[in-house]
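Subject: Structure handover

Hello,

Here is the structure I promised to pass on. My notes follow below it.

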Amino acid sequence: MRGLWTIGAAALLAGCVATPSLEGTYGAPSFPALQQMCSAQTVDYGQDAQSVYVTLFDAYVAQKRGSISKQDYCAFQQGIAQQYSALGTSSDPQTRNRWVAFFNDQRVKAITWRARVDPTLRSG
């Protein structure tokens, strides 16, 4: 039992270290700053804020390192905001599931873009 607690604590700590804070950390812009790169208006993603921030941050790293253009980054960000407004705020489970499926696709896209320019994300 003690071993499981240790593993759980280590996993929790690793998650905290690996996930940037919404307020930004050393070298990482805050969530509002990322959103304001493309629009003066920010979106409140509610319970999805941390996941959206990590996704936008991965796309931001890709954009800063030349994997995608700023125009593509802003279109990506705008698409997520539009789909969240249309689907993510719904209390209908089927509509919410459409948001989750859409967002998961966007998450994969952002990780793929970042992996092109960030060797820490490549296998090998």
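Helix H4 (residues 70–88) supplies the largest share of the lining of the largest pocket, four residues. Helices here are DSSP runs of H or I, at least four residues long, numbered from the N terminus. The model is predicted, so local features need pLDDT of at least 70 and side-chain atom pairs count only at pLDDT 80 or more, while totals for chains, interfaces and linings use all residues. Residues are numbered from 1 along each chain as its sequence is written, and side-chain values use heavy atoms, with hydrogens and water left out.

**The pocket**

Its volume is about 220 Å³. A pocket is an open set of points on a 1 Å grid over the protein atoms alone, where a 1.4 Å probe fits, with protein on both sides within 12 Å along at least five of seven lines; lining residues have an atom within 4 Å of a point. The volume is the space filled by probe spheres set on the points, which are joined across faces, edges and corners. The lining includes Gln35, Cys38, Tyr45, Cys74 and Gln77. By class it has five nonpolar, six polar and no charged residues. Nonpolar means Ala, Val, Leu, Ile, Met, Phe, Trp, Tyr, Cys and Pro; charged means Asp, Glu, Lys and Arg; the others, Gly among them, are polar.

**H4 against H5**

H4 and H5 pack at about 165°, with axes 9 Å apart. Axes are lines fitted to C-alpha atoms over the stretch in contact, and angles run from 0 to 180 degrees between N-to-C directions. The two helices are therefore roughly antiparallel (over 145 degrees; under 35 is roughly parallel). Among the residues that meet are Phe76 and Ile80 of H4 and Trp99 and Trp113 of H5. Contact means heavy atoms within 4.5 Å. This contact has nine nonpolar, five polar and three charged residues.

**H3 against H4**

H3 and H4 pack at about 170°, their axes 9 Å apart. They are therefore roughly antiparallel too. Val52, Leu56 and Tyr60 of H3 are among the contact residues, as are Tyr73, Phe76 and Gln77 of H4. The classes are seven nonpolar, three polar and one charged.

**H3 against H5**

The axes of H3 (residues 49–64) and H5 (residues 93–117) come within 8 Å and cross at roughly 30°. That makes H3 roughly parallel to H5. The contact includes Val52, Phe57 and Val61 of H3, and Trp99, Phe103 and Trp113 of H5. It has twelve nonpolar, three polar and three charged residues.

Best wishes

How values were computed. Angles under 35 degrees count as roughly parallel, over 145 as roughly antiparallel, 65 to 115 as roughly perpendicular and the rest as oblique.
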